[in-house]
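Hi everyone, thanks for making the time today.

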Amino acid sequence: MAFETQMLSSNDESIELAAKLIQQGEVVAMPTETVYGLAANAFDEHAVAKIFRAKERPADNPLIVHISELTQMTDVASQIPTLALSCAKAFWPGPLTMVLPKTPRIPSITSGGLETVGIRMPSHPTARALIDAAEVPLAAPSANLSGSPSPTCAEHVLKDMNGRIPLILDGGVSDAGVESTVICFEPEAIKILRPGAITAQMLASVTPDVRIDKGVLHAVDNSQVVASPGMKYKHYSPKANVIIVDGSPEQFKDYVLSSGTPGTLCLIFGDEGMDNTEMPCIDLGLSSEEQAHNLFDALREADERGAKTVYARCPKLDGVGLAVYNRLIRAAAFEVVKL
């Protein structure tokens, strides 16, 4: 079904309209503090199926369920360990998703066929108001075509979803710029399945045993079952071929100037001496937080510029930098040049 997609500023009236559409089994786009999401009633398998169709998303890629109150956890999760409650107290509302055993109310399509489901409580006021108005938890993956860079503003959503959904709520530019941190629990331990703005160092305030799943840094076979979105398939990628270059600023500059061809674009951190060249560059910023905030916008800009190859500086592999690297390495299909 084709829609005349509306894009409306987030206010009481537009949120009420979005809630009514959700109650009617439709899908709407909502802002969150991480990226924009495609939201539908998490309990309605037919509505959730519309998310998958709009995104052209593989059916085994699980969705995250968004709640607005802690009391809603028991509607979604059948078991809530003490560590999960401690994480909720420390980091909710905010960009943290916890994978827990699901209740029978969560249909198989929402959980990607798994007996677990990711749950988070967003901090964006529009997202929380929409959950309250719809009176149901919302399944909401990123509001982009599957595999392309996630949207951090309403205009990005419109470009991907125009005609596919009835409504986009415009809540401004997303703060974090990358999707939520996804964790699961082991006895007295937290395992990070997907890094984000809630870092390993921050999670260590809840328990000293914080582990990083090997799928964060390495390719996962497409036949493997995964508990978190973003762990397999090529993700976050522009049309250009993305290559990560791991080396000093000087090595990066020398490499791209010798390897670059027409249609080359560079993603850099500060000018790094590239301002004295004719090589087109996008500056992601000096801090890991700036880089996360700007990354998806830069990858979309690469398409707008018609780039054929994108050389990206390798970010730090700690703190929020781990989230930047995780997104970049998937956009690059794990192609890294080590200098």
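**Starting from one valine**

Let's begin with valine 324: setting aside its neighbours within four places in sequence, its contacts are Ser288, Gln291, Ala292, Leu295 and Pro315. Please keep in mind that this is a predicted model. Valine 324 belongs to helix α10, which covers residues 321-331. Is this valine buried or exposed? Valine 324 counts as buried, because its relative accessibility is 0%.

Now to the sheets. One of them is an open sheet of five strands, in the order β14-β13-β15-β12-β16, and the pairing is parallel. At its edges are β14 (281-283) and β16 (336-338), each with a single partner strand, so one side of each has no neighbour in the sheet. From one strand to the next, the twist averages 20°. Within this sheet, β13 (residues 264-268) and β15 (residues 309-313) pair in the parallel sense over four bridges, and leucine 267 sits opposite alanine 312 in β15.

Which strands does helix α8 touch? Helix α8 (residues 249-259) packs on the sheet against β12 (241-246), β13, β15 and β16, and its direction makes about 170° with that of β15. Helix α9 (residues 288-304) packs on the sheet too, touching β13, β14 and β15, at about 170° to the direction of β13.

Let's move to another sheet. Here 11 strands form an open sheet with mixed pairing, ordered β1-β8-β2-β3-β7-β4-β6-β5-β9-β10-β11. The edge strands are β1 (6-9) and β11 (210-212); each has a single partner strand, so one side of each is left without a neighbour in the sheet.

Have a look at β6 (residues 116-120): four of its five residues are buried, so this strand is largely enclosed by the rest of the structure. With β4 (residues 64-66), β6 pairs in the parallel sense over three bridges, and valine 65 has isoleucine 119 as its bridge partner in β6. With β5, β6 pairs in the antiparallel sense over five bridges; there, threonine 97 has arginine 120 of β6 as its bridge partner.

Finally, helix α4 (residues 82-91) lies across β5 (96-101), β9 (181-186) and β10 (189-194), running at about 160° to β5.

Technical notes. Residues numbered from 1 in each chain as written. Predicted model: local features only at pLDDT ≥ 70, side-chain atom pairs only at ≥ 80, totals over all residues. Heavy atoms only, no water. Pairing = 2+ DSSP bridges. Helix = DSSP H or I, 4+ residues; strand = E, 2+ residues; numbered from the N terminus. Contact = heavy atoms within 4.5 Å. Axes fitted to C-alpha atoms, helices over the stretch in contact; angles between N-to-C directions. Buried < 20%, exposed > 50% of the residue type's maximum accessible area, 1.4 Å probe, protein only.
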